[in-house]
Every structure is written in C-alpha cells, then in structure tokens.
Amino acid sequence: MEDKLLLEKCKKGDIEAYEMLVKKYMKKAYNVALYFTKNPADAWDISQEGFISAWKGIKNFDTKSPFSPWLYTIIKNKALAKLKKEKREVIEEELPLKIASPEENLEKKEEIMKLKEALLKLDEEKRQIIYLRHYAEMSYKEISIVLNLPIGTVMSRLYYARKALLEEFKKIE
C-alpha cells in the first residue's frame with residue numbers, strides 16, 4: 001500500500017495503517033538515530049520516540065510531502081536534543097558499519113575495517129552525508145530535507161565526501 005493512502009488512513013486514526021508505516025521505515029529510522037547517537041540502545045529509544053511523535057503530529061502532516069524525510073527529521077532532532085541534554089560527545093570510534101555476513105571472508109572484513117578507519121578520518125559533514133546515503137539508505141531528496149539543504153548541494157557534498165573517503169582509504173592500504 002502506498003504511503004499516501006496509509007497516511008490518509010492514519011490521519012483518520014487508523015493505527016493498523018500506522019503500524020504498516022512503522023514496519024516499512026523502522027530499519028532506516030533506527031539507522032538514522034544510530035548515526036547521531038552512536039549507541040544502539042539510544043538509537044532504539046530515539047527511533048521509537050520519533051515514531052510516537054510522528055503519530056501525534058500526523059493529523060497536521062501534509063500528505064503531498066513524503067513521509068520518510070519528515071520522520072527522519074523528527075528522529076534527527078530528537079537525537080541531537082538528547083545529545084545536547086546529556087552534554088556528551090559523539091564517540092567516533094563507535095561509528096556503525098553494516099555487519100558483514102558470516103559468509104564474507106577475512107579479506108572483506110579487512111576492507112571494511114579500512115573503510116571504517118577512512119570514514120573516521122573525514123570531517124563530520126562528509127561522514128554524515130555518506131552515512132545517510134549509504135548506511136541509512138536515504139534518497140537525495142530525503143537527505144536534503146533532513147539536512148535542510150538543496151538537492152544539488154547534497155549531490156555535490158556527497159561527491160566530494162566520496163572522493164575524500166577514497167583518498168583516505170588509499171592512504172591506509
């Protein structure tokens with residue numbers, strides 16, 4: 001079922017329609033929260049709080065707009081507010097990466113570690129946009145809404161971030 005139809009049902013109080021949206025966006029929402037919190041437990045809490053806030057505000061949501069960027073923006077804002085409240089630093093060493101499947105060999109694991117190391121050497125702006133695009137699997141449009149940037153800026157920043165990542169990766173080899 002399309003998001004727009006689900007959202008119309010949600011606006012009428014249909015909790016089952018909202019559950020379908022939650023199931024559809026749960027993984028990405030968690031990944032967005034994990035990027036900002038760097039803590040799996042906090043990411044779980046923040047993503048759940050984000051869904052609750054979205055449900056509370058869904059009656060005012062404009063169904064002409066896509067749902068996911070709105071949700072991800074809520075989650076990002078909640079994560080940043082939590083970090084600010086706790087006055088803690090983002091722990092760079094815990095930057096999440098996709099976990100390799102058991103079938104992947106040692107060489108692949110070494111490449112992942114090198115990639116992680118290279119990613120940590122990038123500045124926050126570059127690391128953030130790479131994470132949102134490749135780990136949270138957000139579209140350019142979703143990223144532009146979450147970061148409040150024009151799509152062209154997202155594309156150019158992603159280009160330069162990937163280029164910088166490749167340069168850092170080569171230095172490690």
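W55 is partly exposed in this predicted model, with a relative accessible area of 26%. Y18, by contrast, counts as buried, because its relative accessibility is 6% and the cut-off for buried is under 20%.

A search of the whole structure finds nine aromatic pairs. One of them joins Y18 and W55. Y18 belongs to helix α2 and W55 to helix α3, so this pair ties together parts 37 residues apart in sequence. Another pair is formed by Y159 and Y160; Y159 is partly exposed, at 47% relative accessibility. The geometry of both pairs is listed here.

| Ring pair | Centre to centre | Angle between planes | Class |
|---|---|---|---|
| Y18 and W55 | 5.0 Å | 50° | tilted |
| Y159 and Y160 | 5.0 Å | 80° | edge-to-face |

Ring pairs also link Y25, F61, F67 and W70 into a cluster.

Helix α1 spans residues 3-11. Its buried residues are D3, L6, L7 and C10. Viewed down the axis of α1, these residues fall within an arc of 100°, so they line one face of the helix. In an α-helix, residues three or four places apart point the same way, because there are 3.6 residues a turn. The buried residues of α1 pack against α2 (15-37), α3 (40-57) and α4 (67-86). Just after α1, G13 has a positive phi of about 95°.

M1 sits in the segment before α1 and counts as exposed, at 53% relative accessibility. Together with L5 and M20, M1 makes a nonpolar surface patch of about 300 Å².

Methods
Residues are numbered from 1 along each chain as its sequence is written. This is a predicted model: local features need pLDDT of at least 70, side-chain atom pairs count only at pLDDT 80 or more; totals for chains, interfaces and linings use all residues. Side-chain values use heavy atoms; hydrogens and water are left out. Patches are made of residues with over 30% relative accessible area and no salt bridge: like charges are joined within 9 Å, nonpolar side chains (Val, Leu, Ile, Met, Phe, Trp, Tyr) within 5 Å. Accessible areas come from the Shrake-Rupley method with a 1.4 Å probe; for residues, only the protein chains shown count as cover. A salt bridge is a side-chain nitrogen of Lys or Arg within 4 Å of a carboxyl oxygen of Asp or Glu. Helices (H or I, at least four residues) and strands (E, at least two) are DSSP runs, numbered from the N terminus. Buried means under 20% relative accessible area, exposed over 50%, partly exposed in between (1.4 Å probe, protein chains only). The arc is that of the directions from the helix axis to the C-beta atoms. Contact means heavy atoms within 4.5 Å. Rings of Phe, Tyr and Trp (its six-membered ring) pair if their centres lie within 6.5 Å; planes under 30 degrees apart count as stacked, over 60 as edge-to-face and the rest as tilted.
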